[in-house]
Every structure is written in structure tokens, then in C-alpha cells.
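I opened the model to look up a few spots. These are my notes, in the order I took them.

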Amino acid sequence: MVTSEPAYRRISHELHNLSASSCRWGRCVGLRHSCFCRGQLWTDQLDSLRLAGPERDGIETDGFAVSDLVQDGSLLTLHVAEFADVADPHLWMLKQPPTFLVEALRDGISGLGEHPLAAALAAGRIGGVPAHEPDPPGYHPAQADAYRACLGEGVHLVRGPPGTGKTTVLSRAIGDLITRGDRVLLVSAMNVAVDNALLGVVRVKRHQPGDIVRVGPPHLREVAEDASVSLPLMVKARLADTADRLRAVEAELVAIKHRALQLASMEGGLAGFDSAAYFAALKLLRTPGGDLASAQSREEAARRSLALARAAFQDATAAARTAVALDRAAESSRQRWLQADRLSEEVDQTRGAVEHREAAALLAQGTRDSLRQELAGIGGMGAVKRWRLRERHGELETLLTDADEVAADAARSATEARATAGTHIAALDKQITALIAGIALGRKQAAHLAADVTVRQADEQRAEQRSHLCETEKTRAEEAVERAKLARDLTQRCEQRGWPAQFDQAHRLRTVVTADPARKSALEKEHQRVQEEYERLARDAQSEIIKGAKLVATTLARFRTNPAVFEGPYDVVLVDEAGAATLPEVLLATGKADRAAVLLGDFMQLGAVIPGELKDHDRADITRWLLPDVFQHCGITEPLEARAHLTGSRSGWWPAGSLIARALAELHSELGEKTGIVTPYRATLEALRDVEGPGGGALAEVGTAHKFQGREFDVVVFDTVEGGAGARDLWMAKAHFRPAASSWPRDGVRLFNVAVTRVKTRLYVIASGERVKSAEPGTALAQLAALIGTQPGVRVVHAKTLITPPTAPFTFRGEFGTALADVLSRHVEVTEIDDERDFYRTFTEEIRHAQRSLWLWAPWVARRVGSLLPALRAAADRGVRINVFIRDDTDQLQKKPPNQKLIADLRAVAHAVVPMNVMHQKIAVIDERTVMLGSLNVLSQSWTREVMLTMRGAHFARKLLAHEHAAVFAAPPRCGRCGGDEIEIRLWKSGWVWRCYAFACKTTPKGGTNAWTQHIPVGR
């Protein structure tokens, strides 16, 4: 599949759904980041790593490339740019197709052609001509033979258990090979094995610079940090100039980051600093007269002024009171003078009245005299004039008569008024003289006392005002002193904590930080450009370094996926821990050897990791080429002397033991009996964990014999994990007390004894009947075999009669066997095992017989769905509810237009088609009773090899549907924002959520994404 953009998968969650490991972050600080991983970790899968946030969006744009990686067990140490700043860091890996390594292996083998060494190994023929070399000093014969095989010709198998010096032999042989000019490929299935063999060569220091290269992430730090061996360090040495430019840009970005952090730290440290208050206080203290001493001096002066003002005010008040008292005493004198003045005024008025009368008399006389003169003048005129003025003459005579009377009356009145006034004035003068004679104070003295009161009261008022003013000045002076004290304390406290200097530094730094974002964007682009240039040059340099090396050390997986490593050529190929690799991997590596291929390992150690469904497969190609290791392929079996060191491997065991143990526990739980399930191996416990149930103790307790020592149970189920005759003997089969036995078989007897003596009423032993019958004399299983058929309380129930397809012939089970089979039927009954050739016939038949419901989990929808639509449509027409879960259209394959068209056709038939982000389940559940489960994608399978199991059991089907939250997930709500039905399911840290994926709804005006989401109330 070709994709238009990188598809990353997060390897920090969901161990069960990813082939990569699950990592939870420990600490992430500075240049190096560390994370602890759980599960199987394949460092050959960890190319193209990026450090980014928890969401897929922004991995390419906002993530940071991992430039170096060191693995130490479950600890990964990653090297990223120092300026990398991710709030919630997660490790993401560029996702390769699931079959990437297998396809590389297939393509590599198909390109081998007629290679003599690979052909010999494929035929199971080993051997060749060893080198004619003397035994190295200190080597025993077997070690010397292995050493000469490495320097000789042909294909050789070397068994090297732990402690036999295999690594020493490898180191010596590799050193001699590269010294004489041979080119060597050292590979292993495990990184640690490559490093251990390589480390011995490196420590001897017989190589020249460039002779050895370690390709891939080393497991050992000593190898990872050796610049003469580690490929990343060798590349860095070649690309020093580019690396310097990259570091220079990185240093500037780091400086920007550090400045921002420094400013944030400073601002955090200045949280209690009020810069405005500080500088105001500083200004006050530095203002002339504003310091505390000056303020205190002014306060003291104000106090003295106030004291003087208050004394002056008291004196003025006393003087004013005295003046008022004197003025009050002079009031009677002033009243007498006023009375005298009123009498004098009356004298003046009387005299005025007399003078007025006399004036009136004079006026009357003047009027009379004027009339007389006018009348005399007319009389002195001639007769004619007198005749003419006769009328006027008559009027004058009349007027003169009246004027005489008026003048006489006025003269008389004036004379009388003069006489009366004289008497009255004389009386008044007498009163005035008597009144004045009794006045104590003179007129001026009394007036002076009144004026003195006004002056004294004005003085008192001014003194009071002066006192108030001084009091105000004193208050102001005291406030100034208080302000000066506060300012002094504030400045001293701030300066003791260094705040002013820090504030000044932060102010200067803020100017730089404000301008940094513009530079940061340009620098990040420059860093990306130089990083890409470095990676491009690094790829070229890697190829040159690998091609120029005399020893190339890597894993088998990286050997076939790295073109420079795979191209070779190599004179000698050394495969360490060959027993832990699959036969095709070893064949491919052997095919790259021109002269010799030496395969070293121990068939008593763990073999290659092969899926359990393949181990039980009877296909000839699988059993011939995939299941056996290289030793078994060549006909080498374990020697007798090695059997005492067998481990508790469960290879070859029929996995129904765990299911039978669970059924027994459930059966006796219904009878009210307490059950304990015992197994010799901790690994087997994981298959039995569901027996304990939530919180432990739901059906039974599960543990090794060590856990149950000293305990007793009504019923004990002892799963020996011993397979049939075709499987090798395990711990319980080898447990004995024979003479000269080592501690391991003796401990097995003790474990067996503890397991079978924990019981009160009934003991169940799960083991291969063939293994028990053929047990070696003296072993614990032989003792068990002796009881069968000889003791009435011992009986045998064949497991194959309990778990069989319904088409198998009827087998009599007995009362107990029937009860146990009924319990098992509640869980699962395997009816069919189909590969990709037979599955669709079985599946179509199941659809045709469906009556109520069909639940389907199929990640991808492709052309295959077209062949199923008629059967699905017919099922829907007869009332079968069809619910389908598929991947959302963020998947590269799913979002292609042809696939979207097929999804639309599916929606037209199914009742619900619900997209789920990154789902990978392949499940079909029919009528909540039949389950089809395996590796085949029902709606898109085309050519890949797959397997599917058909199992019947309502209990199992309902448990599976409940685990998948089927009922809830099949009923998505409408979008709470747009009201649409384009709803998908996603799993976030907070739990499951509904998410609207309608483009118009989730896209912001600026082109970003802000989708509507709603929490789904289910568990994770």
C-alpha cells in the first residue's frame, strides 16, 4: 500500500492492539528523554520515531525527530533537539505495514537464487571444511572446533549453552577473520546477543577505524557510545560540518527557549513585587526633603509651632474675655451718654421749631411789604395807567389786607414759641447737666473699651486660626513621616530580596523575548531544513560506512530491511542465538555467505516467537519451515545430559487446559466448594487470570505451588502443562528423586507434592494421557500412572470428549464428564477452523441462517464487500439487524474514493455502520450465540493468508459483545452542534467519545479543527 503521507502510530498506549511496545513516560527533561516500556520491545521497529503530543494531528508539523536511541532492557533513552518542548510527550513510530518484515523476508529469500550454502541448509545438510588452525590458548577441544568452523568453509551448527564460552569463541574468530581481510556479517534475532558478541571484538582493539559497524539501536550502552563502532556516531563524525550548523541553529533555538523560561521564572519570582509602589517609594525618598530624617525634622518643628500657637491662642482668649468684661461694665455709662445725647437732640429740635416759627413770621412780613410796594407804585402812576390797572389795584388792596393779618398772626406765634421754648430748653439743660454729672466714664473711655473688645476678639480669632493651621501642619508632618517610613521599609525589603535588580533584568530580557517569536519561526524552518539535509547526507554516509566495514553487526530483522547491509557481499556469516530465530531468517542470512555460515545457539533456550494459532496448524509448509528451529530442521535433538536443565516452556501444549480449569472451578463454585488452581509456571497464570474475576476470588484462587504452600482447598485443579508424546518433557515429567538427581528434578517432586496435597475432597490433574502412561520410572507422573486403574477413586476423563465440534461422533462421557461438558458449553464450542479459502463459504452460510442480529467488526472495506452484499441484504429483509464497525476515513486506505463508494453501498444495507478510529478487531457475532474470530478482515480480504475460528456459546458471545460495548456503540447520537449523523468513535485518555467528523462542522474559520465531541458513558 502506497500512502501520500506518513502514517504514525503511538507506542505509548494499547499494548494489546499494537505490535510495538507500550511506553508510559517517566521524566522528560532537557536533551535526553527516558521512557519505561512494557511488553515485547523490538528496537528494529523503532526507526522514524518522533516525539509529539497525544493526538495524531501535528505529529509531522509539531513533533520532533528522534536522532538517537539507546535501549537498556525496558528503558529507552531518546535523543531529540534540546529545544523540544512537548507538554504531554508521547513517542510515535512511523507505521509500517503489518507484514513489512515478513514481506522483506519473502522477497529476500526469493532473490537468493541457487546459493550453495543456503541450499545445503535448506536440505538439512550441514558441515564443511574447517580451517587448519591450531587451538587458541586456553580453548578446550569443542571451543577450538567452533573457532575453526568460523574460519573454515561450509555451513556449521554450534551448540553453545550459557557459560560455554560461545561469546569468547566468536570474539576471537571475528578478530582473526577481519585481520586477514575477510568481510563478516554478524547477526542475531536479539540486539543484546549482537552487542555481547561485538563487545568482545571491540575490547580486544584489533580493528582499525571503520573496520566494524553496529547497525541499528544497540542494547548495550558501551557499544552505543563507542564512536568507532556505533553507526550514528560514525555518521556524526563524517557530517561534522553539517552537525555544527545544526547545533548552531539548535543552540539559538535553545537560547530562545531558555530566555522564555528565564523570563517566566523571573516573573514568577517577582510575583510579590509591586514595581509601581517600589519606584514611587524610591522617588519619594530621593526627593529633597522627602527622606525620613527630613520628614522627622519637619514633624518636630511642627510640634513646636503648634505648642506656641496653642499658648498664643490661650493668651488671646484671656485678653478677649477681659476686654468683654470691661466693655460690659462700661455699658451703663454708654447708656447715660446716649440718654444725654437724646436730651441734647431734643433741645436742638426745640430751638429749630422756634426758629421755624420766626422764619414764617419774617416770610409773612416780606409778602405784606411786597404788596405795599406794588400798590404804592400803581398810585404814583398817571391817571390813565391807574385806570388801566384799576383791577390790579383792587386785587392788591385785598391781598394786602390778608397779608397784614397773616403777618400779625405769624409774629404773635413766633413770640409765643420763643417764650415756650426758652422755658423748655432751660428744663432740658438742667436735666442734661444732672445726667452728665452721674456718668462714671467719659464718652471716649467707653468708646475705647468697645473698640478694644473688637481688637481682642480679632486677635483671638487669628490665634485660633494659627493654632488650627499648626495642628494641620503637624498632622501633615506626621503623615509624611509615616510615608517615609513605609517607603524606607518597602525599598529595604525589595532590595534585600533583590527584586529591583531582577525587575530591571527581566525588563531588559522581556524586550528580547518579545522579539524572539519572529526569529524562532525562521530558525525552526532553518533547523528543519538542516535536519533534512543531515538525514539525507547521513543515509548516504551510512551506506558508505556499511559498505566499507569488514564486520557488519546487526539483527536479522534489520539485515533484511537495510539495503546497504543486505547487499553484502560477505565472506562469512555468523548467526548468534540461531535457535531464537525462525528457519527462513537463518536461511536468508546463510544465503549471503560466500564461504562459510556458522549458526550458533542453544536449542534448550527459548525459540522464535511464533503466533499460537500457527503452532497448532497442520499445514505442511508451516510445520516444515516455520515451526522447527534450525537445530530441529537439521535433525539435532537434545542430548540426555542436557535434560536436567530443561526449563518450564509450554511449547506444544494443547491450550484447552486453562479452559478446562476454568470450567472445573465454575462447576464446583455452583456446588459451594472452594477451588484452588495450581500451575508450575508463572507464565501459565496469565491464561488463568480471568478465573479469579474482578478483585480475585470470584470462582477460584490461581497461583503457583509456592503461593499455596500451607493452604487447603475443597477442590484443587493441578494443570501440569505437560503435552503429548510429540512434545518434549517438561518440569513435571522430569520430576524425580532418583540417585544423583540434581536440585531441579528434586524441586519438581516437591512442587508436585505441594500441589496435590492442598486438597480436602477432590483433586484434578490436567496432563497428557500419553505423557502419564509413558512416564519414566521413578518420576512423579509414573506414581500418578500407577494409581490409574488400581484405585477406585481415580478415574480418567478425556478432554477431547469435552471440547469437540458438534459434527464429531457421540462419545460417552459419564455423569461428571457430561456436567463438565455442559459448563464448558456455556463458554465456547469450537465448530470450525477456516483459512481464507474456506471462510467465506462458512460465513455466508451463517448469514443465511441468522435470525435476529449480525454484529461485524471489519477495519477496512474493499471490493470483497460486493460479494457479501446480496446475503446481507437478504438477511436485513427478513428482519436481521446488521451492525457494522469500520475504520474512520483518517485511514489512508479507507478514505480512497472507491472505498468510500463501497462504504456507501454497505450503509444502504446495514442498519448501522459506525466508524471507529484505529480499530483493528476482526469479529463477527451472529444471533448473540455464534462468534467468528481471527485474523481475517471480512470486508476486504483479498490474498493474504489468514485463519478464523467459529465458536458457539451464548455466554461467550454475550461477554464479547459486552467487552466491545456493542449495544452502546451501535447507537451514535446526532451532532450536538450541526445536528448531523456523521459520528465516529474515538478513545481518548479520558475515555470513549462520540466525535462529529462532518467537514463543515469540525473546521474552524481559520482552517483548524474543533470537532464536536460527547463522552460515551462506558469503561475503557
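I began with a side chain: Arg214 makes a polar contact with the side chain of Asn191 at 2.6 Å. For me a polar contact is a pair of N or O atoms within 3.5 Å; within protein, one must be able to donate a hydrogen and the other to accept it, and residues adjacent in sequence count only if both atoms are side-chain atoms. A second polar contact, of 2.6 Å, joins the side chains of Arg214 and Asp195.

Two notes on the source. This is a predicted model, where local features need pLDDT of at least 70, side-chain atom pairs count only at pLDDT 80 or more, and totals for chains, interfaces and linings use all residues. Residues are numbered from 1 along each chain as its sequence is written, and side-chain values use heavy atoms, with hydrogens and water left out.

**Around Arg214**

I placed Arg214 in strand E11. Helices (H or I, at least four residues) and strands (E, at least two) are DSSP runs, numbered from the N terminus. Is Arg214 buried or exposed? Arg214 is buried, because its relative accessible area is 0%. The cut-offs are under 20% for buried, over 50% for exposed and partly exposed in between (1.4 Å probe, protein chains only).

I then listed contacts, meaning heavy atoms within 4.5 Å. Leaving aside neighbours within four places in sequence, Arg214 touches residues including Val194, Leu198, His219, Ala553 and Thr554.

Pro217 sits in the loop between strand E11 (212–214) and helix H7 (221–224). Pro217 counts as buried because its relative accessibility is 9%.

**The parallel sheet**

Next I traced an open sheet of four strands, ordered E16-E15-E17-E18, with parallel pairing. Strand E16 (700–704) and E18 are the edges; each has a single partner strand, so one side of each is left without a neighbour in the sheet. Neighbouring strands here are turned by 20 degrees against each other on average, direction ignored.

Two strands pair if DSSP finds at least two bridges between them. Strand E15 (residues 675–679) and E17 share four bridges, and Gly676 has Val716 as its partner in E17. E17 and strand E18 (residues 759–766) share six. In E18, Val715 is bridged to Arg762 and Phe718 to Val765. How many residues of strand E17 (residues 713–719) are buried? Six of its seven are.

**The antiparallel strands**

I moved on to strand E23 (residues 923–926), which runs antiparallel to strand E24 (residues 930–934) over four bridges. Ala924 has Met932 as its bridge partner in E24. Three residues lie between the strands of this hairpin, and Asp927 takes a positive phi near 55 degrees. E24 also pairs with strand E25 (residues 947–952), antiparallel, over five bridges. There, Gly934 has Met948 as its partner.

**A helix crossing**

Last, I checked helix H10 (residues 275–286) against helix H15 (residues 443–496): their axes come within 9 Å and cross at roughly 125 degrees. Axes are lines fitted to C-alpha atoms, for helices over the stretch in contact, and angles run from 0 to 180 degrees between N-to-C directions. H10 and H15 are therefore oblique to each other. Angles under 35 degrees count as roughly parallel, over 145 as roughly antiparallel, 65 to 115 as roughly perpendicular and the rest as oblique. Among the residues making the contact are Tyr278 and Leu282 of H10 and Ala487 and Thr491 of H15.
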